[in-house]
Amino acid sequence: MDDIYVYCSNEEVSKYVSWNTHQNLDDTRDFVTVVINQYENNQPAPWGIEHKETSQFIGTIEFVDWKPKHKTAEIGYVIARDYWGMGLATEAVKNMILFGFQQMGLVRIQARCFTENTGSERVMKKAGMSFEGIIRKGMYSKGQHRDLKQYAIVKE
């Protein structure tokens, strides 16, 4: 729980996501409760990202939008600030893409980020995704409509 709070309470991390900065451990407990309920109800839910050497919980990754009928999904991810630039998010995204194509039978996987989130954009590029364009006013987050960059990869 403490590891999750560390990155969820960091304003540098939360400025690039749709959820608000955690103000206290109760906010983190509420998040964990929601995730557990998703698992218990067989709904898509985040997976933890663990640092291999320290076993520290450093982030989450998930299919935030999965359309089984269309065989498409969208990846969302967040990683603790201390681990930015180390290739760990890229490794997690690459593994999620492989899982989606090999285990879930997906044919298209996409990811989006706020236009100013250059770190996330680098992750998508390094994971083999191609830039598809800017979705103008594509997400309402924290009181404003935000433009998003969209990247995707297809199975072939």
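Trainee: Which residue does Ile75 stand opposite in S4?

Mentor: Ala111. It's a predicted model, where local features need pLDDT of at least 70, side-chain atom pairs count only at pLDDT 80 or more, and totals for chains, interfaces and linings use all residues. Numbering runs from 1 along each chain as its sequence is written, and side-chain values use heavy atoms, without hydrogens or water.

Trainee: In what sense do S3 and S4 pair?

Mentor: Parallel: S3 (72-79) and S4 (108-114) share four bridges. Pairing takes at least two DSSP bridges; strands (E, at least two residues) and helices (H or I, at least four) are DSSP runs numbered from the N terminus.

Trainee: What's the strand order in the sheet?

Mentor: S1-S2-S3-S4-S6-S5, an open sheet of six strands with mixed pairing. S1 (47-50) and S5 (130-141) sit at the edges with a single partner strand each, so one side of each has no neighbour in the sheet.

Trainee: Switching to pockets: what volume has the largest?

Mentor: About 960 Å³. A pocket is an open set of points on a 1 Å grid over the protein atoms alone where a 1.4 Å probe fits, with protein on both sides within 12 Å along at least five of seven lines; lining residues have an atom within 4 Å of a point. Points join across faces, edges and corners, and volume is the space filled by probe spheres set on them.

Trainee: Which residues are closest to its centre?

Mentor: Of 40 lining residues, Tyr16, Val17, Tyr77, Val78 and Ser120. H1 (2-8), S2, S3, H4, S4 and H5 each supply at least two lining residues.

Trainee: And the second largest pocket, which element gives the most?

Mentor: H4, with six residues; that pocket's volume is about 270 Å³.
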